[in-house]
Amino acid sequence: MTVSGDPTVRVTRADGDDARTGWTPDLERRLDRFRPAVADLLEGVEIAADADRVTILPDAHYPFHPSSGMVTDPAVVGAVAATIRREHPDAEVSVAGASDDRIDFDRTAAYLGYREALERADADADLVDLADGRRSLRTVSDGDRAVDLRIPERLVEGGVVPVPTLRPTEAGTVAGGMRAIARVVGSGGSTVAGPDEDPAAVVGAVRTIDPAWTVVDAATTYGGRPHASDVLLAGPTTAVDALGAVLLDRDLPADDALSAALEGDDASITVSPIGDVPDLETLRERMPDGELPPADDTHPAVSVAYRLYAAVGDDAVPPQLEARR
Amino acid sequence: MLSLSSPFSRRTDSSTLRLGVLGVGNIGMVHLKSARAMADVEVVAAADAVPENRRRAERAGVARTYDDYAALLEAEALDVAVVALPPVLHREAVERAAEAGVDVFVEKPLARSTDEADRLLEAAADGAIAVGVDHTLRYQPDIVGVAEEYADGTVGHVPYASMTRLNDGPLGRPPADSAPASWPLDPEAAGGGSLLELGIHCFDVLEHLFGELEVRSASLGTTLEIPVEDAATVLLEAPETGTTITLHCGSYQWEELPEVNTRLRLEGVTGTISNEDHLPDNFYVDAAKEALRNVASRVTDDAPTVFGPTFYLQAHYRALEDFCDAVRAGESPPVDGEDGRRTLALAEQAYELAAEDARKRDREEPFEAEADARDSDRDGDRDQDEAEVTL
């Protein structure tokens, strides 16, 4: 589905019949909350017209605890997979991530409990490491400039549904569906996503893959601290990301990739609440709008200063305060 | 019970201890740096299987590095070896050191089990080498402050104490831009999870304060689907002082240095002793003061405080320094192999009680009927007005 015309983002509350909202470690209870909410969000949405393969792309980049809001709750992914399975009983439904130089996707998926979540959701979905599969080389243009992309073939051939959580990236932009895609697409020697991302590459990757819809797990968001908002959002990827940026109080023009993706679209999106959902202003006020914690890396200037002090003060330099080489 | 009663003889005659570091990952590098800052200690070699770790050791001034610790022990004439390898290698490394007659300072946990610790201590006894264990927490300035207050009897009888030690373990916290070590999450390599990694430090501190401990009950948990526990809660009794203690440790909480979540509270008859009262009000201000003090010590000829501005690392320095002093004096180390073994025995009791409790709960858990499928009638709920967001 291409974003154009009057993009509408659906918002619903994911509390099921549960009196107690917020994080619960009980997988069944979370699935009970998310199944009906996701079914509502995706009702009538054409996820994969003729595709016999649908790939779900959650934020499963590292085994942070889902209650932190830094990764997608596997129960939300299970609910999305089960909904797609119902609509496409013959399709090959997969949940995908990509191993990187930090950690293998298999290990992350195991620590986050993906197998059990997919099994309990009755989703009949596989886990796929996109780092292992074939890649399709595509060139996208940015004015006079050509940007080469290495896109996992399964994302070009089938339907794709990013399921990110609502959080900022290290660079401070909204993570969202666009960056969930960019994280598994290569360009040059690395992935398209990252602090030094090329906006043209991010937009090119999203437009080439053309994700069906993006479902945002905002049940727990992160913005300097976690917040249990108990809502899910769904809609065209760039529209959902734009709404996510608004909720996290990001400066949209400062997000080059998102601004470029929205260029030419209407300057507004329609928000369609399903059920008893707090209004957007309330959601926005409640959501923390901070950044990721600072990296542990010692700033080179601090390292130099400490070495100087240690030389003068006859002290040792702790390994933690040495700059990485 | 094993004991090392005979005086230890050193391999070299010089007053300077020749020291090698086996394993120069994170904590091994701290020991290496500490040792290099000590008078009368010469760090002659380091070993690590990881090339980048060896390069770090070389950059820190170590003359020779080895990719195999056994090769180091064979090739170098050492007085002391610091064993900072994963726990799975502790026993074998101590056996090799014992064959070479080299005293060892072993990173905690001493071993993965008391059985393994017994074999390790037997080898050490056969080789007549000293075994010290790096139970650092008791050297930490805030814990030292609590111990001093308690020893002074400032709150009278202490019927209850609580201790919490939390960090973010091998998985770290965002942005997590480096690969997590795999061995701490491997029960074969590490022997266990938070209880062996963090709880064991707490057992040592609590026994140091209250004497021999008895484990009454324990509970373990995991917050992610990982192969070892990342949370443990233990109820203890200290018969000697009549103190009931709760201990909680876990590697599930994000840690942002210099803030470290170690809490020790002693509830006494006339008041509370807390380690928080012995922490700097502001770590950065304290660091600046310590740095100035060390710089001034060059003029006043006072000895500098090693790792002065970095509050917690001073404990590592002092623990190793105490061990080296004991070796030099031919005395038993202040925190020796028996201390390390006792903490392991407490951890094992906790594991056993937790497992027993889990089995009991499994037996007693009533059959839960399948909950009725929740049929939240959400149709027709789209009755709110649509809203438009201007970007």
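This is a predicted model: local features need pLDDT of at least 70, side-chain atom pairs count only at pLDDT 80 or more; totals for chains, interfaces and linings use all residues.
**Stop 1: chain A, residues 54-222**

Select residues 54-222. An unreviewed UniProt entry annotates this span as "domain: DUF362". Colour the span by secondary structure: 31% of the chain here is helix and 29% is strand. Now pick the C-alpha atoms at the two ends of the span. They are 28 Å apart.

**Stop 2: the two domains of chain A**

Next, colour chain A by domain. Domain 1 takes residues 8-292, and domain 2 takes residues 295-325. How far apart are the centres of domain 1 and domain 2 of chain A? Taken over C-alpha atoms, the centres are separated by 39 Å.

**Stop 3**

Show the side chains of A:Glu92 and A:Arg53. They form a salt bridge, with 3.5 Å between the closest N and O atoms. Which strands hold the two residues? A:Glu92 sits in strand 3 (residues 92-97) of chain A, and A:Arg53 sits in strand 2 (residues 53-58) of chain A, so the pair ties together parts 39 residues apart in sequence. Over all chains, the count of salt bridges is 40.

**Stop 4: a backbone angle to check**

Centre the view on A:Asp210. Its phi is positive, about 50°, although the residue is not a glycine. Look at what flanks it. A:Asp210 is in the loop between helix 7 (199-209) and strand 10 (214-222) of chain A.

**Stop 5: the annotated spans of chain B**

Select residues 18-134. UniProt, in an unreviewed entry, places "domain: Gfo/Idh/MocA-like oxidoreductase N-terminal" here. The span is 44% helix and 24% strand. Its end C-alpha atoms lie 19 Å apart.

Then select residues 150-273 of chain B. The UniProt annotation for this span, also from an unreviewed entry, reads "domain: GFO/IDH/MocA-like oxidoreductase".

**Stop 6: where the domains of chain B meet**

Colour chain B by domain. Domain 1 runs over 14-129 and domain 2 over 138-298. Their centres, taken over C-alpha atoms, are 25 Å apart. The contact draws 6 residues from domain 1 of chain B and 9 residues from domain 2 of chain B.

The area buried between these two domains is about 670 Å², and carbon and sulfur atoms give 61% of that. Which residues of domain 1 of chain B lose the most area to domain 2 of chain B? Select B:Lys108, B:Pro109 and B:Arg112: together they account for 68% of what the domain 1 side buries.

By class, the side of domain 1 of chain B that touches domain 2 of chain B has 4 nonpolar, no polar and 2 charged residues.

**Stop 7: two cis peptide bonds in chain B**

Zoom in on B:Pro174 and B:Pro175. A cis peptide bond joins them, with omega about 5°. B:Pro175 is in the loop between strand 7 (160-166) and helix 7 (187-190) of chain B.

Now go to B:Leu257 and B:Pro258. Here too the joining peptide bond is cis, with omega about 10°. The loop that holds B:Pro258 lies between strand 10 (243-250) and strand 11 (261-267) of chain B.

**Stop 8: where chain B touches chain A**

Finish with both chains in view. In contact are 53 residues of chain B and 64 residues of chain A. About 5000 Å² is buried between the chains, 56% of it from carbon and sulfur atoms. How many salt bridges are counted between chain B and chain A? The count is 0. Polar contacts are present: 7 residue pairs, both residues at pLDDT 80 or more.

To see the chain B side, select helix 1 (26-36), helix 2 (51-59), helix 9 (283-300) and strand 13 (387-390) of chain B; these elements each give two or more residues to it. Helix 9 of chain B supplies the largest share, 5 residues. Colour the chain B side by class to find 26 nonpolar, 11 polar and 16 charged residues.

Note on methods
Residues are numbered from 1 along each chain as its sequence is written. Chains are lettered from A and ligands numbered from 1 in the order in which they are written. Side-chain values use heavy atoms; hydrogens and water are left out. Contact means heavy atoms within 4.5 Å. Buried area is the accessible area (1.4 Å probe) that two parts lose on being put together, summed over both. A salt bridge is a side-chain nitrogen of Lys or Arg within 4 Å of a carboxyl oxygen of Asp or Glu. A polar contact is a pair of N or O atoms within 3.5 Å; within protein, one must be able to donate a hydrogen and the other to accept it, and residues adjacent in sequence count only if both atoms are side-chain atoms. Helices (H or I, at least four residues) and strands (E, at least two) are DSSP runs, numbered from the N terminus. Ala, Val, Leu, Ile, Met, Phe, Trp, Tyr, Cys and Pro count as nonpolar, Asp, Glu, Lys and Arg as charged, and the others, Gly among them, as polar. UniProt positions are given in the numbering used here, feature names are shortened, and annotations may be inferred rather than shown by experiment. Domain bounds come from an automatic or database domain assignment.
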